[in-house]
Every structure is written in C-alpha cells, then in structure tokens.
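The sequence and structure are shown first.

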Amino acid sequence: MTVARWLSLALPLVAVLAVGGRVRDRASRAAGLLAFVAAGIGIAALHEVARRTGWYAFTPVDGAFRGMPVDLWIGWAVLWGPLPVLLRRVLPLPVALGLLLWVDAVAMPAMHPLVRLGPHWLVGEVVGLLVVALPAQLLGRFCADRRHLGTRTLLQVGVFAALLLWFVPTLAFEFGDGSWAGLTGLNRTGLLVVAQLALLAATPALAAVAEFAARGGGTPYPWDPPRRLVTTGPYAYLANPMQLSAVVVLLCTAVATRSVTLALTALSTGAFGAAVAGPHEHHDLRARYGDSWRSYREQVRDWWPRWRPCWAGPPAVLWLDDDCGPCAATWRMLARRHPVGLRIRPAREHEHVLWRAEYVGGDGHVERGVAAVARGLEHVHLGWAVLGWTLRLPGVAWLAQLVTDAMIAPPHPARPRGEPCPTPNNASSTAPSPPSGSTASPASPPVPSRPPPG
C-alpha cells in the first residue's frame, strides 16, 4: 500500500510540474491552480457521498482526512484539475474526460486493498466525472482563455461557496471543535433564521461578484480580475465587500455550530486579508489605475462601509414614467432621499419608447424594470442599497419582476402626458408630478435633472 500511495501522488505531481514548466502563460497556470482547488473540494465531497452509497471506501491508514488518504486525494485532484487544463491545446475536453475515466477504471481496481470498491463503483466514477471533473475543467479552461464570462463567474461562485460554507467548516470541526450537529439539530424555524442571516451576510459579496462581471468584465479570482476599475454597486460603499461577507458568514457559522476553531479561522482570514493580501492588492490596483484608484480609496474604506455612496464620473440616469402611479410614487420616494450621482427623468422623453423603467449608468451599463429601480436604490444610502442588491439577486430579480408585472405595473409604453397608465393604480396617475431627485457625488457639483412637466 505504501508504494501505491507514493505513486498516486508522485506521478501526477511530476506530470503537472513537467507540463507546467513548459507553459509560460501565467493565466494558464493560475487557471490550473483554480481547477485544482475545485477538483480537490469536489473529490472531498464525492468521498462523503461514496461512503454513504457504498461506491468505494479506503482502508484505514495514517495521513487520512475523514477516511481518505491525503496523498491519493492530492494526486486525484491534480489529475482531474490542472493537468488537463495545462494540456487543453492537445486534449479537447471530451478526450480528456475519456482518458480520466480510463485511468481511474484501470488504477482503482489495481490499488486493492487500499481502495475497496463496491458493486456500483463505476456509477460513482461517472458521477464524479460529471459533477466534479467536468466543472473543474470548464472553470480552468474558460479562465485560462478568458471565455464565457458568465459561466466562469458562476462556477467560481460555486467553488468559493463550497469552500466557505462546507469545506473550511468541516476542516475546523475535524481538527478543532464544533460540528454540523449544531445546525442539523435546529428546528425548521431556527434553520430558516440562520439561512436568512447567512443570505443577508452574503448579499454584498454576491452583488460585488455580479458588479465585477457586469461593470468590470472580470471575476473575483485574483488572476482573472476585472478589466476596468469597479467603483459602483457595493464598491461605492466598501472596498472589500467580498472579504467582509466571507468573514461574517464564517462567524455566523461558528456561532451556529458552537465552534471556537471556526471563529478563530474567520478572524485569521480577516487579519490575513488586512495585513498580507490587502497591501499586495493595493499595490496592484494603484499600478493599474493610478489616480483613479487613489481618489477612490481616499473616500472608501476597506472594512467599514460608508453610509452614503461615493460616486465618481458622470451621473447615472433613471427613466421613470411620471404619469404612472407606481412609477411616480417611486420617483417621489427617491427624490425625498436625495440620491447621490443619480438623475431621474421622464420616460416619455427617452429617445426610444420605454416599456419599463430604465437605468443607464455613467459607464453606459443598462438595467430595466425592477432591476433599474434596484439600481436607483443603490444611490440613496447603505440600507436602501442592501435592499437593491437583494432585489437583483438571481431568482429574486425574476420573481420581483413577475410580481410587479402581474400586480403593480404591467409593461406599458411611456405615453404622452395625460393619457392613462394601464396599471392597477390608475387613479394615482393624476397625482402631481414628482420633483426631480437628482444629485451628484459630494465631490462634484450637483447635476440638475429636468423637472417633469406639470
């Protein structure tokens, strides 16, 4: 068994080092590292499933993590992660997956008695290739070639979520204190409360990831960053929304599972981000963006959010139908709160016929419907911004738009003033037109909006 364990680690490592030494592309190496992390977490989760289904198991040995030899785990993750990514020019994805299936089909029976196979182990092998190896390969290949931004962003979110919500806590429980029983023992109400708190804590991070993709053209992975400086969304309030959310989520999990080890891990993560990763990130961003970055960081802190957003550059425009009851009420609500860096204008003055509210950022980014109003909320203050970020979460945005279209304000063309708006609140369409609520960033002079007629 010792020889089998040594070979299972040495052969993949030698292969990936040999191939990696010939690959000069830094992006490919970084993508291979990300694929390794994805495969490693996935294989650990697959092992938990295999133990319960009887697909396969390992003979108890020293140097194991939850029953899986660490050397096999690492070698397996290298084979399923970085090695095919680095060889992607000569190994198309279907060929790579076929070779991985062949290698495992030959190697796993040969590793008896270290590996004990159940009668349906091939089912587990196919499940692993489809659920673990395939996503790891897609993530690595898309990141290496900077293709399919939306897909690789979603895959990264999946990997980081699994790392934060399952793998890190499981490590803390294995080598420290606490257990998942603290969560699984809660009643339905308790679980619902914990889930809601976790979602609230994660919302700034999810909104920041979406902002990186939509406004910056990049992802949270340090070697696949945005191509443009992102200072909108959560970044108008805080420079490190993802790191702060990660620390808060870990602390919430530590409280729910009664784990001091996990709490210390969360605090150590924050300290590492502030003392080690932070200065490196600042140097990189200062070198890439110069004065724009310096000006932004003079107004936005790393870990403590602003109450009102920092806004630089041209103001955004929110187009609302001022002759429609719900839209006019939204206009008045925003105007009373003096949004920062936002102009509100009548939809009927738009160059095109608008069927829903429309938000146009200073950089040209466009949102429509509920998402447009949610963007407007980001210009008010932190409390309304959190609501706006929540409304734009995947699934939530779709449901909110569905309810709005069905019960509040169905899509309709912005009409000349005086014509009725086809909404359930037509009676309010004769209300006085709201005043303009336009303001600009405190660092720049106010930008007046054209007040609606009437």
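Trp293 is buried because its relative accessibility is 6%, where buried means under 20% relative accessible area, exposed means over 50% and partly exposed lies in between (1.4 Å probe, protein chains only). The model is predicted, so local features need pLDDT of at least 70 and side-chain atom pairs count only at pLDDT 80 or more, while totals for chains, interfaces and linings use all residues. Residues are numbered from 1 along each chain as its sequence is written, and side-chain values use heavy atoms, with hydrogens and water left out.

Helices (H or I, at least four residues) and strands (E, at least two) are DSSP runs, numbered from the N terminus. Tyr296 also counts as buried, at 5% relative accessibility.

The structure holds 13 aromatic pairs. The ring centres of Trp293 and Tyr296 are 5.8 Å apart and the planes are at 40°, so this pair is tilted. Rings of Phe, Tyr and Trp (its six-membered ring) pair if their centres lie within 6.5 Å; planes under 30 degrees apart count as stacked, over 60 as edge-to-face and the rest as tilted. One aromatic cluster is formed by Phe65, Trp73, Trp166, Phe167 and Phe175.

Helix H5 (residues 93–110) and helix H6 (residues 121–145) have axes that come within 10 Å and cross at roughly 140°. That angle makes H5 oblique to H6: under 35 degrees counts as roughly parallel, over 145 as roughly antiparallel, 65 to 115 as roughly perpendicular and the rest as oblique. Axes are lines fitted to C-alpha atoms, for helices over the stretch in contact, and angles run from 0 to 180 degrees between N-to-C directions. Residues of the contact include Leu97, Leu100 and Leu101 of H5 and Leu129 and Leu134 of H6; contact means heavy atoms within 4.5 Å.

Leu129, in helix H6, is buried at 7% relative accessibility. Leaving aside neighbours within four places in sequence, Leu129 is in contact with Trp80, Leu97, Leu100, Leu101 and Leu134.

Ala57 lies in strand E1 (residues 56–58) and is partly exposed, with a relative accessible area of 26%. Not counting residues up to four places away in sequence, Ala57 touches Leu114, Val115 and Arg116.

Two C-alpha to C-alpha separations are tabulated below.

| Pair | Apart in sequence | Apart in space, C-alpha to C-alpha |
|---|---|---|
| Leu129 and Ala162 | 33 residues | 18 Å |
| Ala57 and Trp121 | 64 residues | 9.7 Å |
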